[in-house]
Amino acid sequence: MAGNAFSRLGAVCALLLCTTSLPLSAQDTRALVIQGGTLIDGNGGAPLPNSLIIIEGNRIAAVGAMGQVAIPDGAQVLDANGKFVLPGLWDNQTNYRWFFGELNLTQGVTSTVDVGNGEELSLAHREAVTQGKIRGPRTFVGVGHLGGGEAEDLTGYETSIGTRQVPQSREEMLALVDRLIAAGTDMIMIHDGEHFPEEWVRDACAAAHEADRACIMRPDGPNMYAIEAARAGVDALHHSRGVDPILVRDGVTVVNNVLDNFTNMDDTKAEELIALLIAEDVRLVPNFIHETPGYPRDWERQEDVLRLALENRSLQAYQPQYAYEELVRFRTNVDTGEVRARRLPGFENMKRFYRMFDAAGGKVLVGGDTNVSKLSGYAVHEEMEILQEAGISPMHIIMGATKWGAEVVRKDDELGTIEAGKLADLLIVNSDPLQDIWNLRDIAHVIFNGADVELGFHASYDTPFRGDGENMRVVEDLVWTELLKEATFNGGGNATRPPAPNASPPPAIQQIAPISAVAGDPTLILRLTGFNFVQGSRVYFDNVSVPWKWISPTELEVTLDANLLARAGRFDIVVRNPAPLELPIWGDGTSNKAHFIVHFRN
């Protein structure tokens, strides 16, 4: 089986702490001219052979045919004769991890749409990429998504834009939407079809659109599916959630597997849904790789490409070992035997559904649901190759990986096509992608923000913000703090009682304020709130003991000297209590972590 082929991979990824990140390119103030290539501009029209593109700064200044556009004096000329030029690619559904940046650029992915897990960290990362401080693609972020969890799973200490919040009324939902918009989100992301009535979602989408933001949803039922989402004004469906359950033939039980449901697809229902989605301009992100591992025709060929990348020692130097292991687990955990035979008709129907959707005028977006089970950047190519297998034309696949995604997040005035005035994010490949979408892997140059990117992996790759999985929160392990409080106070809530006279209880941080500063800011006072703070507590910022003032068992005031705020980054804060310890089964006297962000100064 395909999974066995991948499991032969011999590379072992080492987790090293890196301290530098390569700049995107050397600074060059000359105009950049790309001449001679065949231009596929992303608008869907006929390619333009022997084209000329002039880039000044980070913008496209002119586009036309050779001989029709004057080349500026002293310009840097990039010869693209025999090559093909198209807009930089988009991953329209990704889950931020700090080590994804270089992987994306190396594969021609110059923009990503993050689903809304990163909270305040995602804003800092987006800002740093925009300023050219971090090597990585443009990141459009959801900050925090609505739903995707249960209200009782929250502690009340999450930040006001924290993810997986579950508003209990229309007013609460709109207030959260307003907070996310004020914080700078690029989209409102609604993460389930269970918690919110259709009219609430309609109002949330209307508020997003009023603020020129996208409204994206995963309407996986039981209250909202694709039909209700389309009526509510949702712009795109991640995972195409809510599609397959409503296509199942009457009399057949809907199950929790996409391929089983597609096996029983009713073509009349499919045609009716397609008509509605197109009428409401709802775009679909199928996530074939995520939903159908092992089924695509080119699965083993794609694994050969992944194997070659993962054997690269420079990538091994910074890709975490757990990410490598999760990718291998995902690629080897594929259906076999009777299960595969039963679901193969569903895979064929799934491909046929998207071919029908595309043929009727629907817009399929390219997105990998890229997380640690996929290799970032590479997942975009895998998804495009499966869409080609489904019978969608390479031109439409390219538009789904460029223009149509930019339109969803309201960035099509700046990105998504190659036109004068737009930001200069381009991909140059050696072979014609309109003949075979696999040719998009044959990359000659990636132009990002007007600069020719140095391709390949670099062992020194890093970002100052890091962040991965659940440690992207401002304060980690909040549920743990609630359990500790219950254990410490015998189920009561009196966190202000004096500690035992001769022992220190385990400390816990629940909130910090402020949560960020800007590099170069003056000394500030940071307020830590939690419980079990004692007179002998010590506070550490980035592993350095810092001055503090004990206010009460639930509050400390911490002085962060200007020297600590001199460089951008995301810094751990912990409280440590002295021995002897009360309740040592709860740890060594060190609290859970909080994270303080120091933004780059623009």
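**Entry 1: strands 7 and 8**

I began with strand 7 and strand 8, which pair in the parallel sense over four bridges. The model I am reading is a predicted one. I looked for a facing pair and found D91 opposite T112 in strand 8. Is strand 7 mostly covered or mostly open? I find strand 7 (residues 89-94) mostly covered, with six of its six residues buried.

**Entry 2: cavities**

A probe the size of a water molecule, rolled over the atoms, shows where empty space is left. How many cavities of 30 Å³ or more does the structure hold? I count four of them. The largest cavity has about 110 Å³ of space.

I then listed the lining of the largest cavity: T94, Y96, R97, F100, G101, N104, T112, D114, H125, G136, P137 and T139. Helix 2 (101-106) and strand 8 (109-114) are the elements that give two or more residues to this lining. Sorted by class, I get seven polar, three nonpolar and two charged residues.

I read the order as 18-25-24-20-21, with mixed pairing. Which strands stand at the edges? They are strand 18 (516-518) and strand 21 (544-546). Each has a single partner strand, so one side of each is left without a neighbour in the sheet. On average, neighbouring strands here are turned by 30° against each other, direction ignored.

Inside the order I checked strand 20 (residues 538-541) against strand 24 (residues 569-576). The two run antiparallel and are joined by four bridges. R538 stands opposite R576 in strand 24. I also noted what packs on this sheet: helix 3 (residues 119-130) touches strand 24 and strand 25 (594-599). The direction of helix 3 makes about 25° with that of strand 25.

How do strand 1 and strand 5 pair, parallel or antiparallel? Strand 1 (residues 32-35) pairs with strand 5 in the parallel sense, over four bridges. For a facing pair I wrote down Q35, which stands opposite D79 in strand 5.

Definitions and conventions. Residues numbered from 1 in each chain as written. Predicted model: local features only at pLDDT ≥ 70, side-chain atom pairs only at ≥ 80, totals over all residues. Heavy atoms only, no water. 1 Å grid on protein atoms, 1.4 Å probe; cavity = no way out; pocket = protein on both sides within 12 Å on 5 of 7 lines; lining within 4 Å. Points joined across faces, edges and corners; volume = space filled by probe spheres on them. Nonpolar A, V, L, I, M, F, W, Y, C, P; charged D, E, K, R; others polar. Pairing = 2+ DSSP bridges. Axes fitted to C-alpha atoms, helices over the stretch in contact; angles between N-to-C directions. Contact = heavy atoms within 4.5 Å. Buried < 20%, exposed > 50% of the residue type's maximum accessible area, 1.4 Å probe, protein only.
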